[in-house]
Amino acid sequence: MVSVGDIVEGKVVSIMPFGAFVEWDKKQSGLVHISEVSEDYVKDISAHLRKGQTVKAKVIKIDDKGKISLSIKQVEKEQQEKKPRDKKRRAPSGPVRPADIDWSAKPDNLSFEDKLSKFKTDSDEAFRTLKRNAASKRSGGYSRKGNYSF
């Protein structure tokens, strides 16, 4: 029998619009709710999981009836926290901070105008990405609350 906090490894036996059922030991199964699949927003669970796939999940709740709730994203989060961080090999994921810059590197031989042009290009690209992400979040359509916007 499992308890809250245990990590189980099992196979996805069924996929529903609201989540996936995972079975282990041929005796026990639990539900991974769509909100517990990934840190990112999951619109279609089939894009993240498929029937027969082996996954690791953390037991996050066992109700009075014995129904087991699982979380894949909590296992992934714990694995990310355990990984050693190597700043030199890590790709920047967001704005560059002064701590992320290798100040010991030799300066390139670009003129001021070239540096300014490169900065403007990088800035414009970052702005377009932000704008695109904001626009996709504002787009209409189906919401989880059941509201429809046209």
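**Note on the predicted model: barrel, core and selected residues**

1. Phe-21 is partly exposed, with a relative accessible area of 30%; here, buried means under 20% relative accessible area, exposed over 50% and partly exposed in between (1.4 Å probe, protein chains only). Phe-18 is also partly exposed, at 39%. A search of the whole structure finds 1 aromatic pair. The ring centres of Phe-18 and Phe-21 lie 6.4 Å apart and their planes stand at 90 degrees, so the pair is edge-to-face. Rings of Phe, Tyr and Trp (its six-membered ring) pair if their centres lie within 6.5 Å, and planes under 30 degrees apart count as stacked, over 60 as edge-to-face and the rest as tilted.

2. Residues are numbered from 1 along each chain as its sequence is written, and side-chain values use heavy atoms, with hydrogens and water left out.

3. The protein has 2 helices and 7 strands, in the order β-β-β-β-β-α-α-β-β from the N terminus on. Helices (H or I, at least four residues) and strands (E, at least two) are DSSP runs, numbered from the N terminus. Of the 150 residues in the protein, 19% are buried. The protein exposes about 12400 Å², of which carbon and sulfur atoms supply 53%; accessible areas come from the Shrake-Rupley method with a 1.4 Å probe, and for residues only the protein chains shown count as cover.

4. A closed barrel of 5 strands runs E1-E2-E3-E5-E4, with mixed pairing. Neighbouring strands of this sheet are turned by 55 degrees against each other on average, direction ignored. Helix H1 (residues 72–82) packs on the sheet, touching E1, E3, E4 and strand E5 (68–71), and its direction makes about 110 degrees with that of E4. Axes are lines fitted to C-alpha atoms, for helices over the stretch in contact, and angles run from 0 to 180 degrees between N-to-C directions.

5. How is E1 paired with E4? Strand E1 (residues 7–16) and strand E4 (residues 54–62) run antiparallel and are joined by 5 bridges, with Lys-11 opposite Thr-54 in E4. Two strands pair if DSSP finds at least two bridges between them. E1 is also joined by 5 bridges to strand E2 (residues 19–24), again antiparallel; Ile-15 stands opposite Ala-20 in E2. These two strands, E1 and E2, form a hairpin with 2 residues between them.

6. E2 and E3 pair in the antiparallel sense over 6 bridges, and Val-22 stands opposite Gly-30 in E3. Their hairpin has 3 residues between the strands, and Asp-25 in the turn has a positive phi of about 60 degrees. Gln-28 is found in strand E3 (residues 28–33) and is buried, with a relative accessible area of 14%. Leaving aside neighbours within four places in sequence, Gln-28 is in contact (heavy atoms within 4.5 Å) with Met-1, Val-2, Val-22 and Glu-23.

7. Ser-14, in strand E1, counts as partly exposed at 22% relative accessibility. Beyond its neighbours within four places in sequence, Ser-14 is in contact with Gly-19, Ala-20 and Phe-21. The C-alpha atoms of Ser-14 and Arg-50 are separated by 8.4 Å, although these residues are 36 apart along the chain.

8. The largest nonpolar core has 18 residues, and those with the most contacts inside it are Val-22, Trp-24, Ile-45, Leu-49 and Leu-70. Such a core is a set of buried Ala, Val, Leu, Ile, Met, Phe, Trp, Tyr and Cys residues joined through side-chain atoms within 4.5 Å. E1, E2, E4 and E5 are the elements that give two or more residues to this core. Leaving aside neighbours within four places in sequence, Leu-49 is in contact with Ile-15, Ala-20, Val-37, Val-55 and Ile-72.

9. Is Val-37 buried or exposed? Val-37 is buried, with a relative accessible area of 4%, and its place is in the loop between E3 and E4. Not counting residues up to four places away in sequence, Val-37 touches Val-32, Val-42, Ile-45, His-48, Leu-49, Ile-72, Lys-73 and Glu-76.

Conventions
Predicted model: local features only at pLDDT ≥ 70, side-chain atom pairs only at ≥ 80, totals over all residues.
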